[in-house]
Amino acid sequence: MNNCNNKKINDKKAILDYNHPLDYALLMEYLEIFTERYYFMDFQYIGKSIMGRKIPMIRLGYGSDRSLLYVGAHHGMELITSIILLRFINEFCEIYKGGRTVYGLDLAYLYNTRSIYIVPMLNPDGVDYQINGLSPDNPIRERLIAMNGGSSDFSSWQANGRGVDLNHNYNYGFMEYKAIEQATGIINGAPTRYSGECPESEPEVSALCNIIRTCDIKMILTLHSQGEEIYYTSGGKVAPRSESIVKLLAKMSGYTPSSPEGMASFGGLTDWYIHEFNQPSFTIECGKGKNPLPLEDYFPIYMRLREVLFTSPIIM
Ligand SMILES: [Zn+2]
């Protein structure tokens, strides 16, 4: 399985080939090709993961009318969401470069008036554990194996590099969630659902929150897998315009608008953003099946979400 990751991407094609397990090293290889090829694409790091991997962010457009944020791979088993966002960046840049339109949109107009910030892989450590397992020189290897029930099989790992579930580490409903978490026996780092010591304790989450606070983000799409649903509420709260936007997103994708229940309704990015900013945020559960979804699912999922990704800056 690891051998695939050493394969250099064929960079001759306009739209690159995405049928590879996307670990951090490969993500950086794609982004290197993009930065060489698309001089107009802005690239920066928002911070570092807990194990020291720099977290990349791409910005498409320099407009200040409206800014929005797309986020992939909060969870280790959800690398397919990173692949979908890379493919989107690739296609957006090709169409923009060629001066073409898509869904009736002139991307030059979009570029001048909007900004799409994209963090394709928020949790590079978790994705790496899930694909490659723990490296022998991981400084907390023994602790991680203990968190993983004594097993060195990390193929079901969702959390970050030290066992915190990033999508429970945001500052909404943290204490309520703690009580539920402890009642279900999660008292320490774990492969999934442990929320951390305090909100934004994890550098990945704190880096993303800083971007949201400083870049005047007006709407968020956060990609997870799986279920073909779009969550758009939190604790009964619906941000203005969310209802009408989710109907459009559902129509374009065929996904079902939903409201989260139980453990899923605390501490997530969408929860925090809706309550803190009272602006629309959507958790899109990509595809259907068992995580990690097979790589060949990336293309049909991308085609279902393509219009959503291209037109959200306009319908927001
Ligand atoms: Zn997820």
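Me: Is the crossing of α7 and α9 left-handed or right-handed?
Reply: This is a predicted model. In it, the axes of helix α7 (residues 203-214) and helix α9 (residues 269-277) come within 12 Å and cross at roughly 30°. Angles under 35 degrees count as roughly parallel, and α7 and α9 are therefore roughly parallel to each other. The crossing of these two helices, α7 and α9, is right-handed.

Me: Which residues of α7 and α9 make the contact, and how many of them are nonpolar, polar and charged?
Reply: From α7 come L208, C209, I212 and R213. From α9 come L269, W272, Y273 and F277. By class, the contact of α7 with α9 has 1 charged residue, no polar ones and 7 nonpolar ones.

Me: Are α1 and α2 roughly parallel or oblique?
Reply: Helix α1 (residues 24-37) packs with α2 at an angle of about 10°, and their axes are 11 Å apart. The limit for this class is an angle under 35 degrees. That makes the arrangement of α1 and α2 roughly parallel.

Me: Which residues of α2 does α1 meet?
Reply: On the side of α1, the residues are L27, Y30, L31, F34 and R37. By class, the contact of α1 with α2 has 6 nonpolar, 1 polar and 2 charged residues.

Me: Are α2 and α10 roughly parallel or oblique?
Reply: The helices α2 and α10 pack with their axes 10 Å apart, at an angle of about 55°. The crossing of α2 and α10 is right-handed. Because of the angle, the relation of α2 to α10 is oblique.

Me: How many nonpolar, polar and charged residues has the contact of α2 with α10?
Reply: In α2 the contact is made by I80, I83, I84, L85, R87, F88, E91, F92 and I95. In α10 it is made by Y298, F299, I301, Y302, R306, L309 and F310. By class, the residues of the contact of α2 with α10 divide into 3 charged, no polar and 13 nonpolar.

Me: Is the site of the zinc ion tetrahedral or irregular?
Reply: The protein donors of the zinc ion are ND1 of H75, two OE atoms of E78 and ND1 of H224, lying 2.0 to 2.4 Å from it. A tetrahedral site would need all angles between 85 and 135 degrees. The angles among the 4 donor atoms are 55 to 141°, and the site is irregular.

Me: How many residues apart in sequence are the parts that H75 and H224 tie together?
Reply: The donor residues of the zinc ion are spaced H-x2-E-x145-H in sequence. H75 lies in the loop between β3 (66-71) and α2 (79-97), whereas H224 lies in strand β7 (residues 219-225). The pair therefore ties together parts whose separation in sequence is 149 residues.

Me: Which residue does a cis peptide bond join to S225?
Reply: The omega of this cis peptide bond is about 10°.

Me: What is omega for the cis peptide bond that joins N291 and P292?
Reply: P292 lies in the loop between β10 (281-286) and α10 (298-315). For the cis peptide bond of N291 and P292, omega is about -10°.

Me: What is phi of R241?
Reply: R241 is placed in the loop between β8 and α8 (242-253). Its phi is positive, in a residue other than glycine, and is near 70°.

Notes:
Residues numbered from 1 in each chain as written. Predicted model: local features only at pLDDT ≥ 70, side-chain atom pairs only at ≥ 80, totals over all residues. Heavy atoms only, no water. Axes fitted to C-alpha atoms, helices over the stretch in contact; angles between N-to-C directions. Helix = DSSP H or I, 4+ residues; strand = E, 2+ residues; numbered from the N terminus. Parallel < 35°, antiparallel > 145°, perpendicular 65-115°, else oblique. Left-handed = near helix turned anticlockwise from the far one by under 90°. Contact = heavy atoms within 4.5 Å. Nonpolar A, V, L, I, M, F, W, Y, C, P; charged D, E, K, R; others polar. Donors = N, O, S within 2.8 Å, 3.2 Å for Na, K, Ca; no water. Tetrahedral: all angles 85-135°; square planar, octahedral: opposite > 155°, others 65-115°.
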